[in-house]
Amino acid sequence: MVGNRENQSASSADPALLEAFKSAATSIISDNLQRLPGANLRPFHRGGSMAGTAVTVRTAPGDNLFIHKSLELVRPGDVIVVDGGGDLSRALVGEIMSLIASTRGAAGLVIDGAIRDAGEIARSDFPVFARGANHRGPYKNGPGEINVPVSIGGLIVSPGDIVVGDEDGVVAFPQAIASDLLIKVRAQEEREAEMLLSIREGRYRGAYGH
C-alpha cells in the first residue's frame with residue numbers, strides 16, 4: 001500500500017443501466033466477459049441482487065478507518081468495494097456501518113475480508129457480500145486509499161465500474177462496455193430460456209454442449 005489517498009468518486013452509472021443489470025444473473029454476465037472476471041464472495045444479506053457504481057477502498061488488513069471515510073463520499077447507487085486483502089482475522093464492517101451505507105442510499109457493500117453482526121445482516125435486504133465472518137472488531141489506524149483500482153479476490157475493480165452481485169457472487173466491468181454487454185446478456189437469456197423450455201417439453205437434443 002502506497003499511503004493515504006482519498007480521490008474523488010468517478011461519475012455515477014446511468015440508473016437505467018444499473019436497474020437493467022440488477023435483473024441479470026452474474027453467471028450470464030460472466031459468460032459474456034469471457035468468464036474471466038469475478039470474485040468468490042458470498043452474500044450475507046437476506047436475499048436480492050445488487051447493481052451499482054464502484055467506490056473503491058484499499059485498506060490495511062483488519063483496519064476499517066478508510067471504509068469509514070468512504071461512507072462520507074457515498075452517493076445513492078454506489079457500491080463500496082473494499083480490498084481488505086482477503087484477511088479474515090478481524091471484521092471490517094458490521095451492522096452499524098451497513099446501516100449507515102443503506103440510509104445514505106448505497107446499493108451495497110462488497111468486502112474482500114470479514115464482516116460481523118452476521119445475524120443482523122442476514123435479516124436485512126441491504127446487499128452485503130464478503131469472504132467470511134468474524135466477531136473480532138477492526139483497528140482504525142490506516143493506512144488506506146479511496147477510489148484507486150483494487151483487487152477483490154482476483155477481480156480488478158476500478159472506481160466507477162459497474163458492480164453486480166447475486167447468490168453466485170460478484171462481477172464488475174467498465175461503464176464504457178455496459179450497453180453492449182447488456183445486449184449480449186439479454187440475447188443469452190433468451191437462448192437459455194428457449195433451451196430450458198425445450199428440456200421441459202422433451203425437445204432438447206444436446207445443443208448446450210456445442
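Mentor: A charge counts as sitting over a ring if NZ of Lys or CZ of Arg is within 6 Å of the ring centre and within 35 degrees of the ring normal. Lys-69 meets this with Phe-66, lying over the face of the ring at 5.5 Å from its centre. The charged end of Arg-42 likewise sits over the ring of Phe-44, 3.9 Å from the centre.

The model is predicted, so local features need pLDDT of at least 70 and side-chain atom pairs count only at pLDDT 80 or more, while totals for chains, interfaces and linings use all residues. Residues are numbered from 1 along each chain as its sequence is written, and side-chain values use heavy atoms, with hydrogens and water left out.

Now the interior. A nonpolar core is a set of buried Ala, Val, Leu, Ile, Met, Phe, Trp, Tyr and Cys residues joined through side-chain atoms within 4.5 Å. Buried means under 20% relative accessible area, exposed over 50%, and partly exposed in between, with a 1.4 Å probe and protein chains only. In soluble globular proteins, nonpolar side chains tend to be buried together. The largest core here has 22 residues, and those with the most contacts inside it are Ile-67, Ile-80, Val-82, Val-93, Leu-109, Ile-111 and Ile-115. At least two residues of this core come from each of β3 (50-59), α3 (65-71), β4 (78-83), β5 (91-93), α4, β6 (108-115) and β7 (128-133). Helices (H or I, at least four residues) and strands (E, at least two) are DSSP runs, numbered from the N terminus. A second, separate core of 18 residues includes Ile-28, Ile-29, Phe-173 and Ala-178.

Two strands pair if DSSP finds at least two bridges between them. β6 runs parallel to β4, with five bridges joining them; Val-81 has Val-110 as its bridge partner in β6. The pairing of β6 with β7 is also parallel, over five bridges, and includes the bridge from Ala-114 to Gly-132 in β7. Two bridges join β5 to β6, again parallel, and Ala-91 stands opposite Ala-114 in β6.

In β5 itself, Leu-92 counts as buried at 2% relative accessibility. Contact means heavy atoms within 4.5 Å. Leu-92 and Gly-62 are 30 residues apart in sequence, yet their C-alpha atoms are 6.2 Å apart. Ile-67, leaving aside neighbours within four places in sequence, is in contact with Val-57, Val-82, Leu-92, Val-93 and Met-97.

On the helix side, Ala-101 is found in α4 (residues 95-103) and is buried, with a relative accessible area of 0%. Beyond its neighbours within four places in sequence, Ala-101 is in contact with Leu-71, Ala-106, Leu-109 and Phe-126. The C-alpha atoms of Ala-101 and Leu-71 are 6.5 Å apart, across 30 residues of sequence.

Rings of Phe, Tyr and Trp (its six-membered ring) pair if their centres lie within 6.5 Å; planes under 30 degrees apart count as stacked, over 60 as edge-to-face and the rest as tilted. The structure holds one aromatic pair. Its members are Phe-21 and Phe-173, tilted, with 4.9 Å centre to centre and 50 degrees between the planes. Phe-21 is in helix α1 (residues 15-22) and Phe-173 in strand β12 (residues 169-173), so the pair ties together parts 152 residues apart in sequence. Phe-21 is buried at 0% relative accessible area, and Phe-173 is buried at 1%.

β12 pairs with β11 in the antiparallel sense over five bridges, and a hairpin of two residues joins these strands. Asp-166 stands opposite Gly-169 in β12. Strand β11 (residues 162-166) has five of its five residues buried. On its other pairing, β11 meets β3 in the antiparallel sense over four bridges, where Gly-52 has Val-163 as its bridge partner.
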